[in-house]
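Here's a friendly walk through the model below. Have a look at the sequence and the fold before reading on.

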Amino acid sequence: MLNIDKTKPVLVTGATGYVAGWIVKRLLEEGVTVHAAVRNPGDVAKLAHLDQMALKLPGSIRYFKADLLDEGSYAEAMQGCAIVFHTASPFRLDVNDAQKDLVDPAKLGTQNVLETANKTESVTRVVLTSSCAAIYGDCADVANTSRQVLTEDIWNTSSSLQHVPYSYSKTIAEHLAWEIAKQQTRWNLVVINPSFILGPGLNAQGTSSESFNFVRQLGDGRMKAGIPDIGCGAVDVRDVAEAHLRAAYLPDAKGRHIVSAHDSSLPMIAQALLPEYKDYPVPRRILPKWLVWLVAPLADKSITRKMISRNVAYAWRADNGKSIRELRMSYRPLQVTIQDMFQQMIDSGQIPKP
Ligand code: NAP
């Protein structure tokens with residue numbers, strides 16, 4: 001049982017997001033007042049799922065307008081809050097300008113939110129949604145670790161503005177968060193580093209999160225010919241939300257936490273949809289590496305030959321032991337996670353019925 005202080009509100013940045021939606025839900029279930037920072041509080045349709053939850057659950061929600069790039073814009077939302085969940089950061093792989101579209105919002109946004117925490121006396125803890133992307137850049141990096149397994153001691157050193165810029169954005173944002181946290185003592189920083197997050201969204205239409213783009217491709221026929229053998233971790237969005245709550249309310253929580261349920265790969269995730277969805281064009285075979293190397297960059301400008309060379313046909317392994325020992329996490333099976341998500345995307349028309 002978590003000892004949750006319901007007398008003080010908490011702030012969730014990027015409350016419209018996929019992960020944040022489930023964090024808000026858990027907080028509302030516990031009877032907490034949530035200050036939801038969103039870019040446009042007037043966008044009724046985008047907030048409808050949060051409003052509906054607040055109607056049914058014991059907690060309450062208040063919206064505040066804030067933007068990662070607008071310095072000081074989180075000050076009003078943070079007023080009186082004990083805990084800040086900083087989840088907002090773009091998760092997109094296909095961008096025109098990596099600096100402007102990924103790095104600036106991730107880095108300047110983290111600086112903006114944490115400097116506001118420095119000025120807000122009520123804040124005692126910040127829970128940052130980082131990523132396993134801040135731990136490794138390419139699957140080839142996993143093989144180069146001392147035990148061929150990712151741990152919280154490892155940092156991504158292979159990503160850059162030119163190579164896997166999303167992972168670079170998460171790495172420099174988390175580095176900066178630790179730097180800012182270490183310069184003061186009033187609040188402590190607890191970091192969640194999830195692997196690839198899957199599972200149903202609370203807003204059935206999804207968000208721009210890459211999690212939905214990937215699962216859509218599994219079902220709409222674009223991967224019918226086959227799927228590249230790219231290793232990754234996988235974790236259910238509901239478990240990720242639970243990890244955030246524990247990071248916030250377990251008094252001894254500290255440091256980084258790999259939150260990943262399964263050492264997996266894109267073909268293994270597709271495989272978990274079969275045989276339940278055998279009538280759908282879910283990829284059934286693995287594409288040879290040479291073919292992916294040759295064709296994928298022509299089909300998708302966000303994919304480079306270097307990315308393929310360093311990510312296809314490598315095993316992905318991470319040690320999730322700290323999350324189990326210290327956050328007392330238990331994880332859902334992969335099949336439940338991916339099937340729940342796939343079914344929701346069929347029901348909401350995002351994946352066509354065969
Ligand atoms: P998401 O649904 O796209 O959520 C991103 C959130 O960030 C949205 O609420 C978005 O607001 C907000 N945001 C983006 N730019 C902003 C800006 N300039 N100002 C204010 N808010 C801004 O993606 P997600 O998958 O839930 O990701 C949430 C967090 O989890 C991110 O930090 C991501 O790096 C991390 N993460 C995700 C995964 C994964 O597999 N999904 C894995 C590991 C870590 P709008 O709704 O207005 O666009």
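A crossing is left-handed if the near helix is turned anticlockwise from the far one by less than a right angle, and right-handed if clockwise. By that rule, H4 passes H6 in a right-handed crossing.

A word on ground rules. This is a predicted model, in which local features need pLDDT of at least 70, side-chain atom pairs count only at pLDDT 80 or more, and totals for chains, interfaces and linings use all residues. Residues are numbered from 1 along each chain as its sequence is written, and side-chain values use heavy atoms, with hydrogens and water left out. Helices (H or I, at least four residues) and strands (E, at least two) are DSSP runs, numbered from the N terminus.

**The helix pair**

Back to those two helices. The axes of H4 (residues 98-119) and H6 (residues 165-182) come within 9 Å and cross at roughly 15°. Axes here are lines fitted to C-alpha atoms, for helices over the stretch in contact, and angles run from 0 to 180 degrees between N-to-C directions. Contact means heavy atoms within 4.5 Å. Among the residues making the contact are Leu102, Ala106 and Leu114 of H4, and Tyr168, Ile172 and Leu176 of H6.

**The sheet of 7 strands**

Next comes an open sheet of 7 strands, in the order E3-E2-E1-E4-E5-E6-E9, with parallel pairing. Two strands pair if DSSP finds at least two bridges between them. Strand E3 (60-65) and E9 stand at the edges with a single partner strand each, so one side of each has no neighbour in the sheet. The twist averages 20° from one strand to the next.

Inside this sheet, valine 10 has isoleucine 83 in E4 as its bridge partner. H4 turns up again here: it packs on the sheet, touching E1, E4 and strand E5 (125-129), and its direction makes about 180° with that of E4. H8 packs on the sheet too, touching E1, E4, E5, E6 and E9, with a direction at about 155° to that of E5.

Over at E9 (residues 255-259), 4 of its 5 residues are buried (under 20% relative accessible area; exposed is over 50%, partly exposed in between, with a 1.4 Å probe and protein chains only). Proline 194 stands opposite valine 259 in E9.

**The sheet of 3 strands**

There's also an open sheet of 3 strands, ordered E7-E8-E10, with mixed pairing. Its edge strands are E7 (196-198) and E10 (262-265), each pairing on one side only. The twist averages 45° from one strand to the next. Glycine 233 stands opposite aspartate 263 in E10. Helix H8 (residues 237-249) lies across E7 and E8, running at about 70° to E8.

| Strand pair | Bridges | Direction |
|---|---|---|
| E1 (residues 10-13) and E4 (residues 83-86) | 4 bridges | parallel |
| E6 (residues 188-194) and E9 | 5 bridges | parallel |
| E8 (residues 231-236) and E10 | 4 bridges | antiparallel |

Most residues other than glycine have a negative phi, and most peptide bonds are trans. Valine 164, in the loop between helix H5 (139-143) and H6, has a phi near 50°. Valine 164 is buried, at 16% relative accessible area. Arginine 328 has a positive phi of about 55°, but counts as exposed at 53% relative accessibility. Finally, the peptide bond from leucine 274 to proline 275 is cis, with omega near 5°.
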